[in-house]
Amino acid sequence: MPTTDAAQGTMPDIAPDSTVAGLDKLDTVVAPTTSRASRLYSTLWPKLSAVALALVLWQVIVWSGWKPTYVLPGPTTVFSQLRELVVTGAFWHSVGITMRRAALGFAIALVIGSVIGAIVSQSSIVRRAFGSFITGLQTMPSIVWFPFAILLFKLTESAILFVVVLGAAPAIANGLIFGVDHVPPLLVRAGRVLGARGITLFRSVILPAALPSYVSGLKQGWAFAWRSLMAGELLVIVGNTSSLGVRLDFARTMSDAPLLLAYMIVILIIGLCVDAVFGAIDRRVRRTRGLGS
Amino acid sequence: MTVASAPVPTRVATGAPITIDHLSRSFTSGTTTVAAISDMHLRISPGEFVCIVGASGCGKTTLLNIIAGLDHPTAGSVDTGTGVVSLMFQEGALFPWLSARENVELSLRLAGMKGRADRRARAMELLGLVQLTDAAERHPHELSGGMRQRVSLARALAQDASVLLMDEPFGALDAMTRDVLHDELERIWTETGVTIMFVTHNVREAARLGDRILVLASRPGRVIAEYPVDLPRPRRIESPEVSALAAEVTDCLRTEVRRHADD
């Protein structure tokens, strides 16, 4: 007999321990296990192929002679430029400035978006008043805010952060609101039966249940924040700072196409890396709940 | 294992009595008012296992919600003493982001139990009671329907309730799993002495488990018949005695359902 617990002896003629254990075994889904390496391979090769295809296409266009190579250099020129770039301290200094702004802007947006999302999702009056307003804000191209932001904050970092927050916060708020709206009523009822009310119910049941949508909102919020930040760094040149945007603009002024493209690749890679982090969190959250794959 | 010599323990009824007086609940939407429950009376003794059967519209969910304190009566009163009333759902309603153990731990925490380590130990004890020690770290989606219901039962027991309300808890399970869970539930009921109010569509299940079967009429819901079940425990669902009683209760239900055909 596989299990022998204290409860066993109480009703011996019906205690169906082995039946229970047997049924549990039969009911247990045996998931096919794949090795980490093969999983990594299967997710990686389509991505690498796409990158290779894009590079080939780029090289073909350069070879076609559509534009002179000092305007449109080939991948080899750009990547050797990039290789020289990443070993300089000035480059990492720029990355540091930009990433600090991104982190700060996103953090502020996270707090504001989450608080607004929590309030709107819990109050039907606030929702009727501001619900569509938040969505409206989200559809507005963030670049439109810059003239106003410059008026408000002059050419300072605050102007950039202002727009970054305006771009990201609505997406985060909407993610949370959508998540809370779609919490199964049965789980809320179960939480209430267990004695959770008010803030405890929100924290212990509603918020965790809404987490997958909230994480999607964060992911989207990051995309908006990153775009707004890059637009901001090109438009709002803060004195004595050499952010990635400033360096990109500088490369254009100098007509240094390889450098310009190298910075664009850097910006692309940073965006993708952060997005991948959110993607990993998203998958993890879904996997523990048995959602998707 | 010494099967024949082990004594059947004497049951200590620690559950609370349920007293329902002139209970009515109606729902108003616009100008129409629908009575879900009308003038219901019910006396349930401490530690009693009462099964409730009824066709659709008998107000069973409303009744359970009111007893559990999730809804309020329009008129009349419900008294369940000072103890905790727990409610177990048909779908289990486990929190999918928590493992089986964490689901039980959350219930303990919400019930006011202090100390993480103590909660953990008690959760494992409760999972042992429903024979799920090995599945403690699994999440609900990794459990079968029957296992989920047992976690759900452990979670309800974690509240240390004096009244356990069960809303068709085994309705979605296959017959074999259900039979096993009947034995499990009976054993746990014997050990804990809790008062159980068990709603089901399955009349045999009611005859298998209950000390008493109450038949509810539909629209509005009220008690129309009562069958004491004085068959010795443990019973088998396929035994002739259980079947005979089930047939009797089914006839009563049929008559009630036919009455609505003439409405």
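Two strands pair if DSSP finds at least two bridges between them. The model shown in these views is predicted.

**View 1. Six strands of chain B form an open sheet.** The strand order is E5-E6-E7-E3-E8-E9 (chain B), with mixed pairing. Strands E5 (85-88) and E9 (222-228) of chain B stand at the edges. Each has a single partner strand, so one side of each is left without a neighbour in the sheet. On average, neighbouring strands of this sheet are turned by 20° against each other, direction ignored.

**View 2. Strands E3 and E7 of chain B run parallel.** Five bridges join E3 (residues 49-54) to E7 (residues 195-200), both of chain B. Ile52(B) stands opposite Val199(B) in E7(B). Helix H1 (residues 60-67) of chain B packs on the sheet. This helix touches E3, E5, E6 (163-167), E7 and E8 (212-217) of chain B. The direction of H1 makes about 155° with that of E6(B).

**View 3. The largest nonpolar core has 126 residues.** Among those with the most contacts inside this core are Ala168(A), Ala225(A), Ala154(B) and Phe198(B). Helix H7 (residues 157-181) of chain A gives the largest share, 16 residues. A second, separate core has ten residues, including Leu259(A) and Tyr263(A). Leaving aside neighbours within four places in sequence, Ala154(B) is in contact with Val104(B), Leu126(B), Leu127(B), Leu129(B), Val130(B) and Leu132(B).

**View 4. Leu187(A) lies in helix H8 (residues 185-193) of chain A.** Leu187(A) counts as buried because it has 20 C-beta neighbours inside 10 Å. Not counting residues up to four places away in sequence, Leu187(A) touches Val205(A), Ala209(A), Ala93(B) and Phe95(B). Leu187(A) and Val205(A) are 18 residues apart in sequence, and 7.3 Å apart in space, C-alpha to C-alpha.

Terms used. Residues are numbered from 1 along each chain as its sequence is written. Chains are lettered from A and ligands numbered from 1 in the order in which they are written. This is a predicted model: local features need pLDDT of at least 70, side-chain atom pairs count only at pLDDT 80 or more; totals for chains, interfaces and linings use all residues. A nonpolar core is a set of buried Ala, Val, Leu, Ile, Met, Phe, Trp, Tyr and Cys residues joined through C-beta atoms within 7 Å. A residue is buried if 20 or more other C-beta atoms lie within 10 Å of its own, exposed if 12 or fewer, and partly exposed in between; C-beta atoms are placed from the backbone. Helices (H or I, at least four residues) and strands (E, at least two) are DSSP runs, numbered from the N terminus. Two residues are in contact if their C-beta atoms, placed from the backbone, lie within 7 Å. Axes are lines fitted to C-alpha atoms, for helices over the stretch in contact, and angles run from 0 to 180 degrees between N-to-C directions.
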